[in-house]
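Subject: Structure handover

Hello,

Please find the structure below. My notes on it follow.

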Amino acid sequence: MKKIGIIGSGIAGMSAAIHLRAAGNEVTIFEANDYPGGKLTAFEQDGYRFDAGPSLFTMPQLLDEIFEVAGKSARDYYDYTKIDPGCHYFWEDGVEFHAPGEADRFASQAAETFGVDKKKVKKYIEDSFQLYDITEDVFLKNSLHKASTYLKLSTAKSFAQLYKAHLFSTMNQVNERKLGHPKLIQFFNRYATYNGSNPYSAPGTLTVVPTLEFRWGTFLPKGGMHEITQSLFRLSKDIGIDFRFAEKVERVTTSNKVATGIVTSKGEYDFETIVSNMDVIPTYHRLLPDHPIPGRVDKQERSSSALIFYWGIEEEFRQLGLHNIFWSEKYKKEFSLLFEEKKISNDPTVYVNITSKHEKSDAPKGCENWFVMVNAPHVAGQDWRRIEKETRKIVLEKLSRMLGTNIEALIKTERVLNPPTIESQTSSYLGSLYGTSSNDRMAAFLRHPNFTSKIKNLYFCGGSVHPGGGIPLCLLSGKIVGDLAS
Ligand SMILES: Cc1cc2nc3c(=O)[nH]c(=O)nc-3n(C[C@H](O)[C@H](O)[C@H](O)COP(=O)(O)OP(=O)(O)OC[C@H]3O[C@@H](n4cnc5c(N)ncnc54)[C@H](O)[C@@H]3O)c2cc1C
């Protein structure tokens with residue numbers, strides 16, 4: 001049994017903690033905030049409940065597995081509902097597409113709506129499944145930085161097939177080649193945003209992302225997304241993980257290149273193993289100032305961030321569902337502004353999430369809780385007050401135009417989350433949602449490993465390290481650390 005200290009109670013930190021505790025270790029989590037979950041949190045305001053961060057839940061089997069590892073039944077802790085149609089899409093020219101969550105029905109509906117060959121769409125999704133099967137073992141389930149990974153037969157098989165992974169074309173190029181219809185290309189390009197990337201520069205390998213939705217579906221936990229955090233927290237407490245809230249870690253202590261303990265705002269602690277769930281760049285900058293950040297890790301492009309308006313809306317919109325997208329007409333420009341000029345488009349794609357469609361208690365009767373998000377650049381010296389004001393006006397005009405009603409007049413309560421606040425609330429470097437972007441074909445290899453060869457007994461989990469950001473990958477990073485550090 002080892003004495004293990006974990007820095008941060010994000011979902012990856014709790015995933016790592018549960019795996020390590022299940023392996024018989026004594027685990028303490030130090031959390032700077034006075035609540036668990038990091039980005040995956042929630043709040044209530046004037047009778048409305050809002051999930052503050054993630055809204056899309058895929059691959060629930062990865063969450064279930066964490067309960068099983070701890071010898072518990074997931075259904076005793078949380079449950080979820082399958083969402084179908086998965087998402088509702090609206091274009092300015094009046095075209096609507098209510099995307100079925102299953103491949104065959106999706107292909108039929110896409111063929112009908114866009115006038116394309118159903119077989120072409122089906123084949124695109126099947127290719128995505130195949131790509132997932134090729135890449136899962138190498139890029140998701142194991143450490144990319146341990147020789148043992150490369151000695152496995154499954155890894156060798158994956159590598160032999162990597163030529164099918166479209167590493168040398170962009171996602172948009174692959175989609176243009178395979179799909180042929182502008183709206184369908186735009187539809188599948190958006191999957192690059194699932195890890196904060198740009199479809200016009202990210203490799204075609206990201207055409208793997210639709211597999212998450214079309215093979216397994218999209219889900220909403222009963223009680224909302226925050227139940228993911230709450231259920232992991234309940235499990236952690238039940239199996240004896242110790243939490244120290246409002247106790248920010250200030251330093252990781254080392255001796256002869258071995259991590260030996262941590263210094264917090266409240267004291268000093270010795271540990272045999274330390275896991276940082278804090279973004280890896282501030283982990284080095286602030287907690288390990290005497291240890292240079294390895295190689296090119298802080299030179300990699302950051303993922304996008306987000307600007308979110310939480311609006312309590314005093315009306316119900318029958319044409320909307322849980323997930324809704326109102327497309328930009330200048331989609332490519334939206335991404336060059338985000339990644340090259342670090343600006344928000346004046347015609348942004350607007351995402352509206354409404355959990356009260358399924359969770360009636362999330363809004364007063366006859367009302368809805370709108371989480372309205374646009375992609376935003378990471379923090380780069382912008383004037384966010386001005387951007388917030390301008391973007392709010394643009395978003396309200398767009399939604400009012402496309403829904404045929406004055407949305408501003410329906411707002412009963414409001415809150416805003418911007419990239420600097422994301423950074424200050426969770427220590428995510430420059431407010432990025434998903435650590436580094438996948439805009440480079442080498443991104444998966446350049447992402448920081450789950451350990452460092454420079455400091456023994458120090459491990460890393462979470463969206464800024466391997467295998468990357470988003471709920472499924474963060475849960476997997478905790479599992480990988482569980483395997484490496486046990
Ligand atoms: C607005 C938004 C929308 C998103 N949408 C989706 C989505 O729909 N689907 C999806 O899958 N993903 C989505 N994501 C991404 C997802 O939320 C993240 O990838 C994931 O939650 C990151 O978890 P994590 O464990 O890596 O870290 P975090 O959630 O960032 O947690 C890190 C924790 O460490 C703590 N910490 C940091 N420094 C210290 C310190 N020095 N001492 C102690 N504690 C410290 C922080 O307070 C925090 O609690 C979204 C993110 C945001 C912000």
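By class, the shell around the ligand is made up of 15 nonpolar, 15 polar and 3 charged residues. The model is a predicted one, and every value in this message is computed from it.

Ligand site

In total, 33 residues surround the ligand. The closest are Glu31, Lys39, Gly463, Gly470 and Ile471. Gly463 also has a polar backbone atom 2.8 Å from an oxygen atom of the ligand. For Ser55, a backbone N or O atom lies 3.0 Å from a ligand oxygen. Asn33 takes part through its side chain, with a polar atom 3.1 Å from an oxygen of the ligand. On its own the ligand has 1,000 Å² of accessible area, and the protein covers 95% of that.

H16 gives the most, with 3 residues.

Backbone

In general, most peptide bonds are trans, and most residues other than glycine have a negative phi. These are the exceptions I would point you to.

- Asp84 and Pro85 are joined by a cis peptide bond, with omega about 5°. Pro85 sits in the loop between strand E6 (80-83) and strand E7 (87-90).
- His466 to Pro467 is also a cis peptide bond, and its omega is near 0°. Pro467 belongs to the loop between strand E20 (458-460) and H16, and H16 is the helix that gives the most residues to the ligand shell.
- Asp46 is not a glycine, yet its phi is positive, near 50°. The residue lies in the loop that runs between strand E3 (42-45) and strand E4 (48-51).

Helix packing

How do the axes of H3 and H8 cross? Helix H3 (residues 103-114) and helix H8 (residues 182-189) have axes that come within 10 Å and cross at roughly 140°. An angle has to be over 145 degrees to count as roughly antiparallel, so this pair is classed as oblique.

From H3, the residues in the contact are Phe106, Ala110 and Phe114. They meet Lys183, Leu184, Phe187 and Phe188 of H8. By class, this contact has 6 nonpolar residues, 1 charged residue and no polar ones.

Regards

How values were computed
Residues are numbered from 1 along each chain as its sequence is written. This is a predicted model: local features need pLDDT of at least 70, side-chain atom pairs count only at pLDDT 80 or more; totals for chains, interfaces and linings use all residues. Side-chain values use heavy atoms; hydrogens and water are left out. Axes are lines fitted to C-alpha atoms, for helices over the stretch in contact, and angles run from 0 to 180 degrees between N-to-C directions. Helices (H or I, at least four residues) and strands (E, at least two) are DSSP runs, numbered from the N terminus. Angles under 35 degrees count as roughly parallel, over 145 as roughly antiparallel, 65 to 115 as roughly perpendicular and the rest as oblique. Contact means heavy atoms within 4.5 Å. Ala, Val, Leu, Ile, Met, Phe, Trp, Tyr, Cys and Pro count as nonpolar, Asp, Glu, Lys and Arg as charged, and the others, Gly among them, as polar. A residue is near a molecule or strand if one of its heavy atoms lies within 4 Å of it. A polar contact is a pair of N or O atoms within 3.5 Å; within protein, one must be able to donate a hydrogen and the other to accept it, and residues adjacent in sequence count only if both atoms are side-chain atoms. Accessible areas come from the Shrake-Rupley method with a 1.4 Å probe; for residues, only the protein chains shown count as cover.
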